[in-house]
Amino acid sequence: MTTAFTPPGAGGAAAVAGVAGAAGPATEAHLLLVEDDEVIRNTVRMVLQRYGFTVSTAADGLTGLELFRERRPDLLLLDVMLPELDGIGLCRRVRELSLAPILMLSARGDALDVVSGLEAGADDYVVKPCESAVLVARIRSLLRRASFAPVERAAGEGTAAAGAPGDDELLSFGDLTIDPKGMEVCRAGEPLALTPTELRVLLEFAASPGVVLERRTLLSRVWDHAWHGDTRVVDLHIQRLRAKIGAERIETVRGFGYKLRR
C-alpha cells in the first residue's frame, strides 16, 4: 500500500512544469479520490489542488460510492485495495450509474489488479509509485476525452481512408451507425452507452475502415501516452467495445493490431 507521488518541487519539477505548459492552465474539474492510506490520500489531494483541481476524498469504498452519488465528480481516482468495498467493486458500481472517467491506482507489477480494473470499467490506470507529472497528465487526458470533440489531424497524419464520410455525416458499418458530431452510436437503431474512451477508440477505427491500427498507435491517439506504456489497456477496451458493437465488427490482425471491418 505504500507509494510515492512526487509533488511539484525539487524532484520532478521540470517534468511537472512541462505537463502544465503542454496541457494549458489548470481546470476547475472536481475529482473524487478514494484511498485508504491517509498519508497517500493527503499527499495526492495536495498535489492535485496545486493544479487547480477541486478534490473530495474518501477512505473506503462505500463512502466513496456515497460521495460519488451525492457530488457527481468529473473524474474518479481510486485505489484497488480498499476496505468495505474494494476498488474493483466500486468501479463496477459507478459504471452502473455513470460514464464518468475512472483512473485506477495499481500496485507495481500486479497485472491482475490492472486487468480486473479495466474489465470492471476503468478507463486507465497508474502504477504506484508514480510521479505527479504522470498522474496529472493521465487525469487531464481523461478529462479531455470526457469533453470529447473530433480530433483534427495534420495532413497525412492518421487521415481518413479515401471515400470515408466527413465528420458531419453519419458513418454506417452494417447495423452500426456512428454520428461523429452528435457523438452517438447506434446498433440496429438502438443507442449504445459508450464511455468517452470507447467512443474515441471507435472513432479512430471509423476514420480508417479496413486499415490496421497498431496498439501503440491507439495508445498514443486515444490515451495520449507518448511514452512506451502497457498495451493491455488497449486490448481490454477493445474487448469491452466488441461486447457492445458486435464481436465480429473489430478484427484482430495477429502480430499487428486491429481493424474495423467495412
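A residue counts as partly exposed when its relative accessible area lies between the buried limit of under 20% and the exposed limit of over 50%. The legends below apply this scale to a predicted model.

Figure 1. Glu 214 belongs to strand E12, which covers residues 213-214. With a relative accessible area of 44%, Glu 214 is partly exposed. Along the chain, Glu 214 and Gly 257 are 43 residues apart, yet their C-alpha atoms are separated by 4.3 Å. Apart from neighbours within four places in sequence, the residues in contact with Glu 214 are Phe 256 and Gly 257.

**Figure 2. The protein chain as a whole, as context for the close-up views.** The protein chain has 262 residues, and 47% of them are buried. Its secondary structure consists of 9 helices and 14 strands. The chain exposes about 12,100 Å², of which carbon and sulfur atoms supply 51%.

**Figure 3. The packing of helix H4 against helix H5.** Two packed helices are described by the angle between their axes and the distance between the axes. Helix H4 spans residues 87-97 and helix H5 spans residues 111-120; their axes are 8 Å apart and form an angle of about 15°. Because angles under 35 degrees count as roughly parallel, H4 and H5 are described as roughly parallel to each other. Their crossing is right-handed. From H4, the contact is made by Ile 88, Cys 91, Arg 92 and Arg 95, and from H5 by Asp 113, Ser 116, Gly 117 and Ala 120. Sorted by class, this contact of H4 with H5 holds 3 nonpolar, 2 polar and 3 charged residues.

**Figure 4. Arg 95 of helix H4 and its contacts.** Arg 95 is placed in helix H4 and is one of the residues through which H4 meets H5. Is Arg 95 buried or exposed? Arg 95 counts as buried, since its relative accessibility is 17% and the limit for buried residues is under 20%. Not counting residues up to four places away in sequence, Arg 95 touches Ala 100, Pro 101 and Ile 102, together with Ala 120, Gly 121, Asp 123 and Thr 195.

**Figure 5. The crossing of helices H6 and H7.** Helix H6 comprises residues 132-146 and helix H7 comprises residues 196-207; their axes come within 8 Å and cross at roughly 75°. The two helices are therefore roughly perpendicular to each other. By class, the contact of H6 with H7 has 3 nonpolar residues, 1 polar residue and 2 charged residues.

**Figure 6. Ala 146 in helix H6.** Ala 146 lies in helix H6 and is partly exposed, its relative accessible area being 38%. Beyond residues up to four places away in sequence, Ala 146 touches Pro 101 and Pro 196. Ala 146 and Ala 100 are 46 residues apart in sequence, while the distance between their C-alpha atoms is 7.2 Å.

**Figure 7. The packing of helix H7 against helix H9.** Helix H9 is formed by residues 232-245, and its axis is 10 Å from that of H7, at an angle of about 80°. That angle makes H7 roughly perpendicular to H9. Which residues make the contact between H7 and H9? H7 contributes Thr 197, Glu 198, Val 201, Leu 202 and Phe 205, and H9 contributes His 237, Ile 238, Arg 240, Leu 241, Lys 244 and Ile 245. By class, the contact of H7 with H9 has 6 nonpolar, 2 polar and 3 charged residues.

Figure 8. Most residues other than glycine have a negative phi. Arg 72, although not a glycine, has a positive phi of about 45°. Arg 72 is placed in the loop between helix H3 (61-71) and strand E4 (75-79). At 44% relative accessibility, Arg 72 counts as partly exposed. Ala 188 is likewise not a glycine and has a positive phi of about 55°. The loop that holds Ala 188 lies between strand E10 (184-187) and strand E11 (190-191). Ala 188 is exposed, with a relative accessible area of 60%.

Methods
Residues are numbered from 1 along each chain as its sequence is written. This is a predicted model: local features need pLDDT of at least 70, side-chain atom pairs count only at pLDDT 80 or more; totals for chains, interfaces and linings use all residues. Side-chain values use heavy atoms; hydrogens and water are left out. Axes are lines fitted to C-alpha atoms, for helices over the stretch in contact, and angles run from 0 to 180 degrees between N-to-C directions. Helices (H or I, at least four residues) and strands (E, at least two) are DSSP runs, numbered from the N terminus. Angles under 35 degrees count as roughly parallel, over 145 as roughly antiparallel, 65 to 115 as roughly perpendicular and the rest as oblique. A crossing is left-handed if the near helix is turned anticlockwise from the far one by less than a right angle, and right-handed if clockwise. Contact means heavy atoms within 4.5 Å. Ala, Val, Leu, Ile, Met, Phe, Trp, Tyr, Cys and Pro count as nonpolar, Asp, Glu, Lys and Arg as charged, and the others, Gly among them, as polar. Buried means under 20% relative accessible area, exposed over 50%, partly exposed in between (1.4 Å probe, protein chains only). Accessible areas come from the Shrake-Rupley method with a 1.4 Å probe; for residues, only the protein chains shown count as cover.
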